[in-house]
Amino acid sequence: MARANRKPLVSGNWKMHLTHLEAINIIQKLSYSLDASDPSYVDISVHPAFTALRSVQTVLDADDLPMALGAQNVHWAEKGAYTGEVSPGMLAKLNVSYVIVGHSERRQLFGETDEIVAKKVAAVFAAGMTPIMCVGETLEVNEAATTEERVLGQLRAGTAGLDPEQIGSMVVAYEPIWAIGTGRHATADDAQAVCGALRAAVLADHGEGPGGAVRIQYGGSVKAANAADLMAQPDIDGVLVGGASLDPGEFAQIVHSARS
Ligand code: PGA
């Protein structure tokens, strides 16, 4: 499948920001900045904290806004004695479409391993949602020029056991850890090289269908100023935006830069 057949996905990861009231405010402001034509060329998802999901869902539904609801994390079990966790079924019931899995902050700060990521990815599919599975290298790995090895290892471990159709329908987000929240983004060429390698691995492992269909995002200090360049690359099908997604005006500009 050529790039033209993959609809870019621009996702806002709000991390641990915004109460439910602030989230409602941001989503309303964002809706004023979007155009009616946006859904024809770009998919948009917003990922509030768990406490704001229900409020944001209500606004999206009531006003029929052209954005999908996303979550930032999930547990892999359907239910059980897992104090403090949220199940895939709970998210699906809130009309959550996309779930970020294996964000580097979860891997680094909360001990998520490739095995846990794989269980979560499978659980998200089982509940009828789409995983956005994050991969990315530390600065150390980047400087040792072993980025590809690291991210392909994370890709293969996180997708182990999925069928080809699932692989083709998922989203992989390449997020170099040294670029997250640092203001230092990968150049469009460097990001393309890694995203191209990720696609090549899916092609080699699963064939042309999944390899051509899987959407690969770049994330890490994406701003209105660099988003168009990144998304113009042949293997970059959208962006995962942290800090800049908290500013509705800037996030809307990033969405619009997917147009080209
Ligand atoms: P950033 O975060 O845009 O603030 O660098 C990206 C992310 O962590 O998803």
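**Ground rules**

I number residues from 1 along each chain as its sequence is written, and my side-chain values use heavy atoms, with hydrogens and water left out. As the model is a prediction, local features need pLDDT of at least 70 and side-chain atom pairs count only at pLDDT 80 or more, while totals for chains, interfaces and linings use all residues.

**Ligand**

I began with the neighbours, taking a residue as near if one of its heavy atoms lies within 4 Å of the molecule. There are 13 residues around the ligand, and Lys15, His103, Glu175, Gly181 and Ser221 come nearest. I sorted the shell by class and got 4 nonpolar, 7 polar and 2 charged residues. For that sorting, Ala, Val, Leu, Ile, Met, Phe, Trp, Tyr, Cys and Pro count as nonpolar, Asp, Glu, Lys and Arg as charged, and the others, Gly among them, as polar.

Which backbone atoms sit by ligand oxygens? A backbone N or O atom of Gly181 is 2.6 Å from a ligand oxygen. For Ser221, a polar backbone atom lies 2.7 Å from an oxygen atom of the ligand. Gly243 also has a polar backbone atom by a ligand oxygen, at 2.8 Å. The ligand on its own has 290 Å² of accessible area, and the protein covers 96% of that (Shrake-Rupley method, 1.4 Å probe).

**Pockets**

Next I looked for open space on a 1 Å grid over the protein atoms alone; a pocket is an open set of points with protein on both sides within 12 Å along at least five of seven lines, and lining residues have an atom within 4 Å of a point. Grid points are joined across faces, edges and corners, and a volume is the space filled by probe spheres set on the points.

The largest pocket comes out at about 430 Å³. I count 14 residues in its lining, with Lys15, Met16, Gln72, Arg106 and Phe110 nearest its centre. Helix H4 (residues 104-109) gives the largest share, 3 residues (helices are DSSP runs of H or I, at least four residues; strands are E, at least two; both numbered from the N terminus). By class this lining has 7 nonpolar, 4 polar and 3 charged residues.

The second largest pocket holds about 180 Å³. Its lining also has 14 residues, and Arg3, Arg6, Pro8, Ala258 and Ser260 lie nearest the centre.

**Cavity**

How many cavities of 30 Å³ or more are there? I found 1, a cavity being a set of points where a 1.4 Å probe fits but cannot get out. The largest cavity has about 40 Å³ of space. Its lining is Leu155, Arg156, Thr159, Ile167, Val202, Asp205 and His206. Helix H7 (147-158) and helix H9 (188-206) each give two or more of those residues, and H9 has the largest share with 3.

**Single residues**

Lys15 is in the loop between strand E1 (9-13) and helix H1 (20-33). Its phi is near 50°, positive in a residue other than glycine.

Ala145 has a positive phi too, near 60°. I placed Ala145 in the loop between helix H6 (139-143) and H7. Is Ala145 buried or exposed? Ala145 counts as exposed because its relative accessible area is 67% (buried is under 20%, exposed over 50%, partly exposed in between; 1.4 Å probe, protein chains only).

Gln57 lies in helix H2 (residues 50-62). At 7% relative accessibility, I log Gln57 as buried. Its side chain makes a polar contact of 2.7 Å with that of Arg54 (a pair of N or O atoms within 3.5 Å; within protein, one must be able to donate a hydrogen and the other to accept it, and residues adjacent in sequence count only if both atoms are side-chain atoms).
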